[in-house]
Amino acid sequence: MATIGLGALQLGGVALAAPAGNAGGVDGTPCTDARIKACVDLSENRAWLLDGQGNVVYGPVKNSHGAEGYETPTGDYIIQRKERHHVSQEYEGSPMPYAVFFDNEGRAFHGGSTDRQSAGCVRLGPDDAKRFFEHLNPNDRVQIVE
């Protein structure tokens, strides 16, 4: 892992250093990089969509994240792929509607119950998951903070 700037950028399963960004939060979020298209705050179970220029376009919305032993990692990530009707092969065929994968470990934003923790994904309510799916695309930047 390189050590240029602050934070780590997940790209194709390899952590790379992200350049130092804005020292304060972006448009009322706890995230610090104006180039991001999504921000997730694990400590408050909130998420936002942004325009990549530092402006919130949707949110905050409720989310849930990884349970103990399956923690959702913090850091800067690049959207890898999207699948409208994904079914988890790792977790007994669990449905992951509107899946937007942000790393090569199978973690994604997706629809489901926000009342229970996940196996590392960022779970959103059905309408919010659809909105994230429609807004995010491969190569978009996202930031997950605690």
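User: Why is Glu83 called partly exposed?

Analyst: Happy to explain, with the reminder that this is a predicted model. Partly exposed lies between under 20% (buried) and over 50% (exposed). Glu83 has a relative accessibility of 27%, so Glu83 counts as partly exposed. Arg81, at 37%, counts as partly exposed too.

User: What makes Arg81 and Glu83 a salt bridge?

Analyst: The N to O distance between their side chains is 2.2 Å. The cut-off is within 4 Å, so the pair qualifies.

User: And what makes Arg46 and Asp41 a salt bridge?

Analyst: Their side chains meet at 3.4 Å, N to O, which is within 4 Å. As for accessibility, Arg46 is partly exposed at 30%, whereas Asp41 is buried at 5%.

User: Why is it said that Asp140 and Lys37 tie parts together?

Analyst: First, the pair is a salt bridge, with 3.8 Å from N to O. Asp140 sits in the loop between helix H1 and E11, and Lys37 in the loop between strands E2 and E3, so the bridge links parts 103 residues apart in sequence. Both residues are buried.

User: What makes Gln143 and Thr32 a polar contact?

Analyst: The side chain of Gln143 reaches the backbone nitrogen of Thr32 at 2.7 Å, and the distance limit is within 3.5 Å.

Terms used
Residues are numbered from 1 along each chain as its sequence is written. This is a predicted model: local features need pLDDT of at least 70, side-chain atom pairs count only at pLDDT 80 or more; totals for chains, interfaces and linings use all residues. Side-chain values use heavy atoms; hydrogens and water are left out. A polar contact is a pair of N or O atoms within 3.5 Å; within protein, one must be able to donate a hydrogen and the other to accept it, and residues adjacent in sequence count only if both atoms are side-chain atoms. Helices (H or I, at least four residues) and strands (E, at least two) are DSSP runs, numbered from the N terminus. Buried means under 20% relative accessible area, exposed over 50%, partly exposed in between (1.4 Å probe, protein chains only).
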